[in-house]
Amino acid sequence: MMKILTMSKYIISIFICLIFNYSFSQEEQEEVIEDSLKIEQKYGIRIGLDLSKQVRMITEDYNGISLYGDLRIKERLFIVAEIGNDDKKIFNENINANFKGSYLKAGFNYNFYNNPPGLENEIYFGFRFATSSFKSEVFNYLVYDFDKYWENGRIEDYSEYTDLSANWIELILGFNAKISKNIFMGTSLRLNRMINQKSPENFGNLYIPGFNIVTEDNNFGTGITYTLTYRIPLVKK
Amino acid sequence: MNFHYYLRGVLILFFLSSCEPDDICLESNTDTPNLIIKFLDFNSGENKPVVNLKIKGVDSENDFFIGTVDSISIPLSNYQNTTPFSFTKEFDSNQANEDLIYFNYVRNNVYISRSCGYKMEYEIENIIVENDNLNWIEDSIIEKRVVNDENSHHVKIYH
C-alpha cells in the first residue's frame, strides 16, 4: 500500500512537472510581446480544491475533501484559509482503526519569487495555524505477546473515542503557476509541528485529520497538497 | 532566478518526503505478562519443587512444560476469561496424578504504541482446582491479584 502511494507521488510530481514545463514555455513567449505594456497587478479572491485528496482516495483507504481560499492583500502577501475533513483507516499488523474529523487552517503565504513582467507565478513561504477535531475507533488488534503457546490472532474489541482534538502549526514551501486566465495550479510541501493534542486514555492518535500520520515520540509531521485554484477577478490595482 | 530551478527544487523535496519512517516495535517494551506460580510445601510453607511436572493447556494439543520446578510462569488465554490447565505430577511413573486447574480472570487491554499495539493484563478472580478425590494440590492462594508484570509470583500452590 505504502509503495503504491509512494509511486503515485512520483508519477503526479512528474506529471505536474510536465504541465508546468509546458505552461512556462508558453508564457515565456508571451513575455516578449507584453514587455512594453503597462503591467497590471490583479488582486482577488482565489478558491480551490486540494486534488491530493482525490488521489489518496484511489491509492489509500481514505475519504476526504479540502477547500482552499486566499485573498491577496499586498503585492506579495496572501491571507489563506483551508478547511477540510479526513476519514482514514489504519490497517497495520497490530491495530485496525479509523480516524475521522475535520480541520481548519488559517495563515498567510509570502511570495518571494520575482516574476518577470506580466507573469503571475508564485514561489512562497507559508505559515498556518491549524486545529482539528476528530474521533477514533478501534476495531480489532493483535495482542503483543512473546509467548506463543496459545494461538495469537486478532481480538475483535470495538471501542470508540470521541471529542479528540489537536492544534499545530505548519511551515510551507510551495509554488503556484498560472495555467490559464484566472486558473492556477500549485503544490506545497508542509512541515507540521504539533502544539498539543488530546488523545484517549488507552489509545493513541495515529492519524490526525489535517495533520496526517503521527509518528511515535515525534512532534513533526509532513503533508503535501496539489491545488487547483480559480481566481474570482474582483479587484484590480 | 529561473522559476524552473525553484520548481525542480520543490519537486526534489517531494521525492524525499515520500520516504516515511517505519515504526518498529522494540523488544524492550514489556509484553503481555505470564502468570507466575510458586510451589510450596503444604505443611511447612517452604519452597518445594514438584517432581516431574507436566503442564498442558486443556484446550491445547501441545505440552507447555515438562520438568521438576518450584516455580513456573504460564500464559493465560487472551480470548476467554478462563484458562484451564492440566498439572500432572510424576507424569512418567505409575504414580502419575493429574489435577485440573481453572484460572478465572478479567482481561484488560493496555495500549503501548502504534508499532507494538496492545498488550493484555489480567485481574485474577479465582482459581479452582477440580476435585478428583486424589488431588495432589492441597491449596492455592492468590498472592497478587493484578497480573501486570513478571517481577514476582502471583499465585502460591501448596502440595
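**Group meeting: a predicted two-chain model**

Of the 237 residues of chain A, 32% count as buried. Buried here is 20 or more other C-beta atoms within 10 Å of the residue's own, exposed is 12 or fewer, and partly exposed lies in between, with C-beta atoms placed from the backbone. This is a predicted model, where local features need pLDDT of at least 70, side-chain atom pairs count only at pLDDT 80 or more, and totals for chains, interfaces and linings use all residues. Residues are numbered from 1 along each chain as its sequence is written, and chains are lettered from A and ligands numbered from 1 in the order in which they are written.

Confidence next. The predictor gives the complex an ipTM of 0.78 and a pTM of 0.79. Chain B averages a pLDDT of 88, and 87% of the residues score at least 70. That score is the predictor's confidence in each residue, from 0 to 100.

Now chain A. Chain A has two helices and ten strands. From the N terminus, the order is α-β-α-β-β-β-β-β-β-β-β-β. Helices (H or I, at least four residues) and strands (E, at least two) are DSSP runs, numbered from the N terminus.

Take one residue. A:Gly64 is in strand β2, residues 62–72 of chain A. Why does A:Gly64 count as buried? Because A:Gly64 has 21 C-beta neighbours inside 10 Å. Leaving aside neighbours within four places in sequence, A:Gly64 is in contact with A:Lys53, A:Gly84, A:Asn85, A:Asp86 and A:Asp87. Contact means C-beta atoms, placed from the backbone, within 7 Å. Between A:Gly64 and A:Ala166, the gap is 102 residues in sequence and 18 Å in space, C-alpha to C-alpha.

On to chain B. An open sheet of six strands runs β3-β2-β5-β6-β7-β9, with antiparallel pairing. Its edge strands are β3 (63–69) and β9 (146–147), each pairing on one side only. Strands pair if DSSP finds at least two bridges between them. Between β5 (residues 82–89) and β6 (residues 97–113) of chain B there are eight bridges. In β6 of chain B, B:Phe103 stands opposite B:Thr83.

Last, the cores. A nonpolar core is a set of buried Ala, Val, Leu, Ile, Met, Phe, Trp, Tyr and Cys residues joined through C-beta atoms within 7 Å. The largest has 45 residues, and those with the most contacts inside it include A:Ile208, B:Leu35 and B:Phe103. Apart from it lies another core of six residues, among them A:Ile123 and A:Phe175.

Technical notes:
Two residues are in contact if their C-beta atoms, placed from the backbone, lie within 7 Å.
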